[in-house]
Amino acid sequence: MPTLLDFRRRIRSVKNTQQITRAMKFVAAARLRRAQEAALAARPYAKELVRVLRSTMARIESPEHPLLAKRAEERILVLVLSGERGLAGAFNTNILKKAAEFYRSKPGKKFTLIPIGKKGRDAMRRAGFTFAGEYVNVLSKVNYGIAREISKLVTDLYVEEKVDAVYMVFSEFKNVISADLTVEKLLPVEKISTGEETEAEAASSQIDYIYEQPEQQLLARLLPRYVETQVLRSMLESCAAEHAARMTAMEAATKNAGEVIEGLTLHMNKVRQAAITKEIIEIVSGASYTA
Amino acid sequence: MLPESIQLIVVTPERQLLRESVVEVTMPGLDGQLGILPGHAPLMTELGIGELSYRTSASSQPVVLAVVSGFAEVLPDRVTVLAETAERAEEIDLARAELAKARAEKRLSAGDSNLDWDRANIALQRSLIRIQVARKRHSVLVESR
């Protein structure tokens, strides 16, 4: 039978845990807000770039560029965006599951991975995958520089024909309680989209520009930028989704801790009452004895 | 009928820097400075490293931005600048730009055979333009006192 003191200790320890989970929830909420703002701020560029790229593509009769070249998909490179840290509910597990599902959907192909985020990297290394590169500790502060570095690595591998296709597996932030696990084709560039626009916008009118530089040259400059914005977008989305998942998980943990404390307090009071009752009985029976 | 002003939009991958109605824009095209007035024919160009300046009205002081590479789309009533980086003069950390310049110069003069010339050169140009833009603002401030 646990004593009163045992209960007090347990309650105190659960309270401490609750304080930590609550703090983590607030931190995740603040980071989520920042991540959402960053994602929002990156949108105008992506949107304008897509528009410019699309009208340039339309102008060129047969657009030619190594990043547009289609090959039979034998060697596939996959960018897997996971979280940097745990305690985010099923966030990391879900992403890895989605990635595994993707490998299974293309049997007999050779996969090379580029993990982005520490949790995913650790898990995939244990699983024995080959990496073409790895990026850890980059998601806490996503910026264009990192996205650029990653897409440089990826496009170089593609242009050198070391891989035949590049996919990205990431969580797309929908709202605080749900994220969509997405697999997107990054290379070859097929469908140009910002990932959020409607069909009507996609079919908007074409303008006859004067081109200062040859169209092909412009295209050659625009395409890598496009890939960069895609990588940046997936990183920002994944980052927002991670914080949202952590926030939800920590909120649930805080609530559970509250329930545990309630249960323990109830038990403690029962034990206390039992002890008091026992003492009274002892006194009463002692008194009746002397009387 | 020509439009009287241009909507100038400057965006970088990380943010939208500017969305303003202006009467004149000068920007660093890859093949030389480009001056744009309202009613310009549709044009698409790559940008180099340089100064982008604009006036919000014919009588106002030009505002200068430092832009590094990118693209610009010109329409009769709108100019969209997609720059890799773009900064207002007041956002530039002059000391940091000077440091970057010194670093790039040192790298270029060291004559290291492993040196990535293009990269070092771009770094130098970038720091120079940032210094130039930041100084310009400084002198405007001094004059207005």
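**View 1. The exposed side of helix 1 of chain B.** Here B:Ala95, B:Leu99, B:Lys106, B:Ser109 and B:Ala110 are exposed (over 50% relative accessible area; buried means under 20%, partly exposed in between; 1.4 Å probe, protein chains only). Helices are DSSP runs of H or I with at least four residues, strands are E runs of at least two, and both are numbered from the N terminus. This is a predicted model: local features need pLDDT of at least 70, side-chain atom pairs count only at pLDDT 80 or more, and totals for chains, interfaces and linings use all residues. Residues are numbered from 1 along each chain as its sequence is written, chains are lettered from A and ligands numbered from 1 in the order in which they are written, and side-chain values use heavy atoms, leaving out hydrogens and water.

**View 2. The buried face of helix 1 of chain B.** Turn to B:Ala97, B:Ala100, B:Ala104 and B:Leu108, the buried residues of this helix.

**View 3. The largest nonpolar core.** Such a core joins buried Ala, Val, Leu, Ile, Met, Phe, Trp, Tyr and Cys residues through side-chain atoms within 4.5 Å. Among its 53 residues, those touching the most other members include A:Leu79, A:Ile116 and A:Ile150. Helix 6 of chain A (residues 215–290) supplies the largest share, 11 residues.

**View 4. Around A:Ile150.** Beyond its neighbours within four places in sequence, A:Ile150 is in contact with A:Leu79, A:Ile116, A:Tyr135, A:Val231 and A:Met235 (heavy atoms within 4.5 Å).
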